[in-house]
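Biologist: I would like to learn how to read this fold. Walk me through it, please.

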Amino acid sequence: MASSWRLVPGQALLHRGWDGAYVLYNDLSGDTHLLAEEAMSLLMALRDGDVTPEELAAPELADMLATLRQLDLVEPC
């Protein structure tokens with residue numbers, strides 16, 4: 001598993017959230033996703049550069065990053 005990740009370039013991360021859930025529209029693919037607060041927080045941290053490669057290498061993030069990759073929201077870099 002890669003230790004450096006980024007958002008797929010060009011995404012706007014258009015989203016709305018309530019009660020710990022978020023609806024995210026991927027403006028590149030046209031897909032809409034329902035995400036948990038943890039996944040949305042990770043996307044925002046990647047967008048803002050607030051997460052280090054060491055933090056991304058944590059085993060507890062591996063499944064979440066794999067899922068976000070399958071949704072074409074993140075990619076290894």
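**Helix and sheet**

Modeller: Helices (H or I, at least four residues) and strands (E, at least two) are DSSP runs, numbered from the N terminus. This is a predicted model: local features need pLDDT of at least 70, side-chain atom pairs count only at pLDDT 80 or more, and totals for chains, interfaces and linings use all residues. Residues are numbered from 1 along each chain as its sequence is written, and side-chain values use heavy atoms, leaving out hydrogens and water.

Biologist: Which residues of helix 3 are buried?

Modeller: Buried means under 20% relative accessible area, exposed over 50%, partly exposed in between (1.4 Å probe, protein chains only). Here L61, L65 and L68 are the buried residues of helix 3. They cover an arc of only 60° around the axis, so they sit on the same side of helix 3. The arc is taken from the directions from the helix axis to the C-beta atoms. P59, D63 and Q70 are exposed on the other side.

Biologist: What do the buried residues of helix 3 pack against?

Modeller: Contact means heavy atoms within 4.5 Å. Their partners are strand 1 (5-7), strand 4, helix 1, helix 2 (53-56) and strand 5 (74-76).
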